[in-house]
Amino acid sequence: MKFEKIHNKGQAQLFRNPVLEMLTKAHPLVIWGMYLPVIIGFPIYASREFGFELSRVAALFLGGAFFWTLFEYLAHRFLFHAIAESGRAQRIVYVMHGNHHHFPRDKQRLFMPPVPSLILASTIFGLQHLALGNSTFVFFPGFMIGYLMYGTMHYAIHAWNPPFKWMKPLWRNHHLHHYKDEGKGYGVSTTIWDRVFGTMFDLSKEKEDKEKVKELMFQK
């Protein structure tokens, strides 16, 4: 999904209806506030109601967080960058993710907005419960903390330089995904799956284009 011009000001208009348009935006703290009670409360509930030991709670929670990283990679690669033939399909892909590539400085659309987020999260919880039963009350919160960390990391990559040297490959991988090749660099919270599936940029051969990186960074 290439655009002739990347817009560094403003944001895409996704709907003409002002109410629908408003519902496509979200502040990161709103999304954190929505899910923190679930992330904290569900494991406590599972421990009390189902007798889960601390070791089991920790294993399930970490397992859910790790599973998120794979889900993130697959969704970004095969859903957000789906090859859309029809106009309607192209529209859906643009609303889901294409607008971020078109307007990379839009801070309000890095997290999925509340209404679709709750619908999708409820669906995922239901599917996980079918597979895992009561363990979902710990696995799902881990999955959701993975999502929140992904959104926060995505914000950080567009807002600041990497705070630690070992994080620079993650920053560069995402920047290159934006301005060099959208067919690589799908990991945002981690580069693990890009390395596993061969979509990691060869950073030793990629020269950093500081001007293009600057275009991706939020204005201060």
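These are my notebook entries on a few features I looked up in this structure, which is a predicted model.

**Entry 1: the annotated spans**

I began with the UniProt record, an unreviewed entry, which places the feature "transmembrane region" at residues 26-45, 57-75, 110-131 and 137-157. I then looked at two of these spans in the model. Residues 26-45 come out as 90% helix and 0% strand, with end C-alpha atoms 29 Å apart. For residues 110-131 I noted 82% helix and 0% strand, and here the end C-alpha atoms lie 29 Å apart.

The unreviewed UniProt entry also carries the annotation "domain: Fatty acid hydroxylase", which covers residues 62-199. Over that stretch the chain is 69% helix and 0% strand, and the C-alpha atoms at its ends are separated by 25 Å.

**Entry 2: a nonpolar patch on the surface**

Which residues form the nonpolar patch on the surface? I found Val-19, Leu-20, Met-22, Leu-23, Val-115 and Ile-119, which together have about 550 Å² of accessible area. Two helices, H1 (18-22) and H5 (114-132), each supply at least two residues of this patch. Helix H1 gives the most, with three residues, and I placed Val-19 in that helix.

**Entry 3: His-76**

Next I turned to His-76, which sits in helix H3, a helix running over residues 54-79. Is His-76 buried or exposed? Its relative accessibility is 4%, and because buried means under 20%, His-76 counts as buried.

I then followed its side chain to see what it meets. The side chain of His-76 makes a polar contact with the side chain of His-97 at 3.2 Å, and it also reaches the backbone oxygen of Tyr-186 at 2.6 Å. When I set aside neighbours within four places in sequence, the residues in contact with His-76 were His-81, His-97, His-177, Gly-185, Tyr-186 and Val-188.

**Entry 4: Phe-71**

My last stop was Phe-71, which lies in helix H3, the helix that also holds His-76. Phe-71 has a relative accessibility of 31%, so it counts as partly exposed, whereas His-76 counts as buried.

What does Phe-71 touch, not counting residues up to four places away in sequence? I found Ile-124 and Phe-143. Phe-71 and Phe-143 are 72 residues apart along the chain, and their C-alpha atoms are separated by 9.3 Å.

Definitions and conventions
Residues are numbered from 1 along each chain as its sequence is written. This is a predicted model: local features need pLDDT of at least 70, side-chain atom pairs count only at pLDDT 80 or more; totals for chains, interfaces and linings use all residues. Side-chain values use heavy atoms; hydrogens and water are left out. UniProt positions are given in the numbering used here, feature names are shortened, and annotations may be inferred rather than shown by experiment. Helices (H or I, at least four residues) and strands (E, at least two) are DSSP runs, numbered from the N terminus. Patches are made of residues with over 30% relative accessible area and no salt bridge: like charges are joined within 9 Å, nonpolar side chains (Val, Leu, Ile, Met, Phe, Trp, Tyr) within 5 Å. Accessible areas come from the Shrake-Rupley method with a 1.4 Å probe; for residues, only the protein chains shown count as cover. A salt bridge is a side-chain nitrogen of Lys or Arg within 4 Å of a carboxyl oxygen of Asp or Glu. Buried means under 20% relative accessible area, exposed over 50%, partly exposed in between (1.4 Å probe, protein chains only). A polar contact is a pair of N or O atoms within 3.5 Å; within protein, one must be able to donate a hydrogen and the other to accept it, and residues adjacent in sequence count only if both atoms are side-chain atoms. Contact means heavy atoms within 4.5 Å.
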